[in-house]
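Reader: Hi! Could you walk me through this model, helices to begin with and then the sheet?

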Amino acid sequence: MSKKLHLLSVASICIEDFEKAKKGNDYMGDVFVIFKVVTNVQDFDNALRYGLRTSGVWHRYSEFDLLYQYLLHTYPSHIIPPLPEKKLSTSLWTKMTVDKFDGEYLEHRKIGLEKFLHRVASHPTLHDDNIFKAFLMKGEEWKEVADSTDFRAKNEGFLKGMAASYQLKHCDPRFSELRTYAEELESRINAVLKVTQNIAAKQRLAYNSYKDLAKTFSDWSAIEKSLNIPLQKIGHHLDNLEGAGNVLLLEEDVKFCENMREYANYAYSLKDFIRKYELLQYKIEVLESTIEAKKAGLFMLGKPEAGEDVVAVEPGKSNLTNMFKATPQQKEARRSKLHQELSDAEEALGPAQYDLEQFVSEAELEIKRWKKDKFSSLKDALRMYAKLQLQHSQQGAQCWEAVSAAVKPAAV
């Protein structure tokens, strides 16, 4: 199979619809939202090789999250595309307090979840994962397939490691720099979104004011005879400007703001990615510390204990130092235990170092791939924003040219 192929090159994947669903009875049931994931095969030959077929299945948000967790722990050296945030931040098109069943809120979530699926489906490694394909083609039973991989055990170990408080002694500067970049990327994109949404709010207010202005001209035309038609035309053009302008603002929210939000959310994916490096490095440092401590313990066992050189003791009296000394048998047992613990740590160190080297090697390629995709995606988003702003200006210019034409002096 060609290396250039991925699932999006053989099938279209979209979230076609969403609706409320319920489990349980009318009084105690759990109400939630499900999303219809539709896969339409277009290249049947290659779809057959992938084991992909046309399908339509329903999944709730928690299942998307489960898929994310599965990918996160199955592909540790890959940057997993982010899910839309659990709670959508307030923007021009969302309310201060969002009802989780609100249509606009769910539309935003639908767009974000579809982007997640597209990113996974076009990823050079993730796209061919059997669990991902099961997610696309199966209903709730896909979770049984995911559970059979025992990824939850990996997840549990990962979470336990993350819960531990630790400070690395040594950190690869490439990963520390990436962490700083992830935090700054999120901050800078959110700042851009805040300003552009403020601009959009003012544009929306202006367009709504044009609608009010259109009504005043239409009302005025009722009392005019010679100006009746020109005033009606002005009202009509301003009405059109309001409608076209608000369509552009909606398009901006979908084609620009959603793309920017996705890369703000990538900050969390990058941090998850970096944590996996930190855990591998931490494991090595713990083993190295253990080896150092066991060697020190063996060295101390080989030194004479305090009071060991004291031989003379008065008759009828005991040497208190000797009373608390370890017996030769105890010392030997302790020495044997230290030797075993040292051997275990030394034996585990080699594989841990190999795992880290393998991770860093694969991660380096993944970071380059992600940066290349990010460069292309953000350029497209910024280009789209510029195009939409030009359309705002062009529509405004066309409107006022039409207004000017409506009241231009009649030819003599």
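**Helices and sheet**

Author: Happy to! Helix H8 (residues 173-221) and helix H11 (residues 328-406) pack at an angle of about 15°, with their axes 14 Å apart. Axes here are lines fitted to C-alpha atoms, for helices over the stretch in contact, and angles run from 0 to 180 degrees between N-to-C directions. Helices (H or I, at least four residues) and strands (E, at least two) are DSSP runs, numbered from the N terminus.

Reader: Before we go on, what kind of model is this, and how are residues numbered?

Author: This is a predicted model, where local features need pLDDT of at least 70, side-chain atom pairs count only at pLDDT 80 or more, and totals for chains, interfaces and linings use all residues. Residues are numbered from 1 along each chain as its sequence is written, and side-chain values use heavy atoms, leaving out hydrogens and water.

Reader: Thanks! Are H8 and H11 roughly parallel or roughly antiparallel?

Author: Roughly parallel, therefore, for H8 and H11. Angles under 35 degrees count as roughly parallel, over 145 as roughly antiparallel, 65 to 115 as roughly perpendicular and the rest as oblique.

Reader: And how do H8 and H9 cross?

Author: The axes of H8 and H9 come within 8 Å and cross at roughly 165°, so these two helices are roughly antiparallel to each other. By class, the contact of H8 with H9 has 30 nonpolar, 12 polar and 12 charged residues. Ala, Val, Leu, Ile, Met, Phe, Trp, Tyr, Cys and Pro count as nonpolar, Asp, Glu, Lys and Arg as charged, and the others, Gly among them, as polar.

Reader: Where does H9 bend?

Author: At Cys-257, by about 35°. That bend is the angle between axes fitted to the seven residues ending there and the seven starting there. H9 covers residues 228-302, 75 residues in total, and reaches 110 Å from its first C-alpha to its last, close to the 111 Å expected at 1.5 Å a residue. The expected span is 1.5 Å times one less than the number of residues.

Reader: Switching to the sheet: what is the strand order?

Author: It is an open sheet of three strands in the order E1-E2-E3, with antiparallel pairing. E1 and E3 stand at the edges with a single partner strand each, so one side of each has no neighbour in the sheet. Two strands pair if DSSP finds at least two bridges between them.

Reader: How many bridges join E1 and E2?

Author: E1 (residues 11-23) and E2 (residues 30-41) pair over 12 bridges, while six join E2 to E3 (residues 55-60). Val-41 in E2 is the bridge partner of Ala-11, and Val-57 in E3 is that of Val-37.
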